[in-house]
Amino acid sequence: MIAFLNGDYRPLESVCISPLDRGFMFGDGVYEVIPSYRGVLFEVDAHLDRLRRSLAAIRIADPLTGDAWRKMLERLLSLNPGADRAIYLQVTRGVAARDHAFPQTPSATVFAMVNPIRPPAPELAGRGVGAITLPDQRWGRCDIKTVTLLPNVLARQQAAEQGAVEAILLRQGKVTEGAASNVFVVRDGHVLTPPLSDAILPGITRRVLIDVLRGTRWPCDEQPVSEDELRGADEIWLTSSTKELLPVTSLDGKAVGDGHPGEAWHEALAAYQRVKP
Ligand code: PDD
């Protein structure tokens with residue numbers, strides 16, 4: 001696999017990053033995961049806009065222009081031909097003597113690699129997956145896509161140890177999001193998802209889904225979702241660039257609705273598949 005580091009394309013095995021990189025030392029960086037289907041990037045402008053917002057929020061100067069980002073991503077895809085891919089892209093504040101405050105003359109580290117995309121196997125999606133609930137113990141700026149992911153890592157691990165694929169996080173009696181996904185619920189014929197705030201990542205899949213649902217019988221309202229609404233939901237869905245749109249059929253070991261992916265999910269998935277490249 002060919003990866004990108006600071007302007008060079010080279011085999012991933014030969015990519016070396018200094019232990020003094022602030023991404024390694026402090027988790028001082030941001031990232032994106034951009035899906036591509038049959039060589040075509042999906043929603044690349046939205047991902048690059050979010051990258052720019054993340055960089056600005058943590059005060060790293062954008063190291064490339066929009067055109068240069070796009071060219072790099074296209075080149076990386078062409079160097080790693082194949083079907084469905086997700087580009088992982090990370091920008092850190094670069095290498096400097098260890099000090100919490102920013103270096104005087106920072107020089108960002110830009111790294112990117114390509115992974116096979118593993119959308120859930122159709123039989124898994126067809127059956128639905130398990131999720132657990134956990135308290136949201138993250139910081140107050142979950143809208144920034146930072147590489148500092150320890151609470152998400154611990155939550156996802158706890159889910160995995162309980163045989164679930166995701167942890168749905170709760171803060172002050174409200175759903176925020178999954179450890180690495182956004183959450184939708186269906187109740188009494190209405191689709192709801194928590195509104196954007198500094199408590200959740202503005203997911204690109206979330207936004208695409210809200211847009212495509214407008215053309216269906218299931219328009220989505222962006223409004224707070226309480227723990228009770230989650231537990232009493234007829235359907236629960238998870239969205240992300242790599243999971244796409246996944247039905248949760250068991251929550252904390254109890255069936256969601258009738259325990260099968262619901263009617264709204266089937267329609268929503270069909271609408272989503274129509275806009276994918
Ligand atoms: N994660 N919320 C969190 C905390 C996430 O980490 C992600 C995605 C999402 C969904 O965002 P999007 O639809 O833009 O992928 C929501 C990526 C896939 C990851 O960390 O691998």
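## Two domains, one chain

The domain assignment of this protein gives domain 1 (2-116) and domain 2 (122-275); such bounds come from an automatic or database domain assignment. This is a predicted model, in which local features need pLDDT of at least 70 and side-chain atom pairs count only at pLDDT 80 or more, while totals for chains, interfaces and linings use all residues. Residues are numbered from 1 along each chain as its sequence is written.

### How the domains meet

The C-alpha centres of domain 1 and domain 2 lie 26 Å apart. Where they touch, 18 residues of domain 1 are in contact with 11 residues of domain 2; contact here is a matter of C-beta atoms, placed from the backbone, that lie within 7 Å. On the domain 1 side, strand 3 (29-37), helix 2 (44-57) and strand 5 (85-92) each supply at least two residues. Strand 3 gives the most to this side, with seven residues. Helices (H or I, at least four residues) and strands (E, at least two) are DSSP runs, numbered from the N terminus.

What kinds of residue make up the side of domain 1 that touches domain 2? They divide into nine nonpolar, six polar and three charged. In this scheme Ala, Val, Leu, Ile, Met, Phe, Trp, Tyr, Cys and Pro count as nonpolar, Asp, Glu, Lys and Arg as charged, and the others, Gly among them, as polar.

Two strands pair if DSSP finds at least two bridges between them. Strand 3 and strand 5 are joined by eight bridges and run antiparallel; Ser 36 has Arg 85 in strand 5 as its bridge partner.

Now look at strand 13 (residues 235-240). Six of its six residues are buried, so this strand is largely enclosed by the rest of the structure. A residue is buried if 20 or more other C-beta atoms lie within 10 Å of its own, exposed if 12 or fewer, and partly exposed in between, with C-beta atoms placed from the backbone. In a regular strand the side chains alternate between the two faces of the sheet. Here Glu 235, Trp 237 and Thr 239 point one way, and Ile 236, Leu 238 and Ser 240 the other.

Strand 13 is joined by five bridges to strand 10 (residues 182-187), and the two run antiparallel; Val 183 stands opposite Leu 238. Five bridges also join strand 13 to strand 14 (residues 244-251), again antiparallel, with Thr 239 opposite Leu 245. A hairpin of three residues links strand 13 to strand 14.

### Cores and a ligand shell

A nonpolar core is a set of buried Ala, Val, Leu, Ile, Met, Phe, Trp, Tyr and Cys residues joined through C-beta atoms within 7 Å. The largest has 39 residues, and those with the most contacts inside it include Val 185, Ile 236 and Trp 237. Helix 6 gives the most to this core, with five residues. Apart from it lies another core, of 19 residues, among them Ile 34 and Ile 117.

Seven of the 10 residues of helix 6 are buried, so the helix is largely enclosed by the rest of the structure. Among them are Ile 204, Thr 205 and Arg 206.

Which residues come nearest to the ligand? Of the 15 around it, they are Leu 201, Gly 203, Ile 204, Thr 205 and Ser 241; a residue is near a molecule if its C-beta atom, placed from the backbone, lies within 6 Å of it. Helix 6 provides the largest share of this shell, three residues. The shell holds four nonpolar, nine polar and two charged residues.

| Residue | C-beta atoms within 10 Å | Class |
|---|---|---|
| Trp 139 | 11 other C-beta atoms | exposed |
| Glu 43 | 19 C-beta neighbours | partly exposed |
| Glu 244 | 22 other C-beta atoms | buried |

Trp 139 is found in the loop between strand 7 (129-135) and helix 5 (150-161). Glu 43 sits in the loop between strand 4 and helix 2, whereas Glu 244 belongs to strand 14. Most residues other than glycine have a negative phi. Glu 43, however, has a positive phi of about 60°, and phi of Glu 244 is near 60°, also a positive value.

Key. Contact = placed C-beta atoms within 7 Å.
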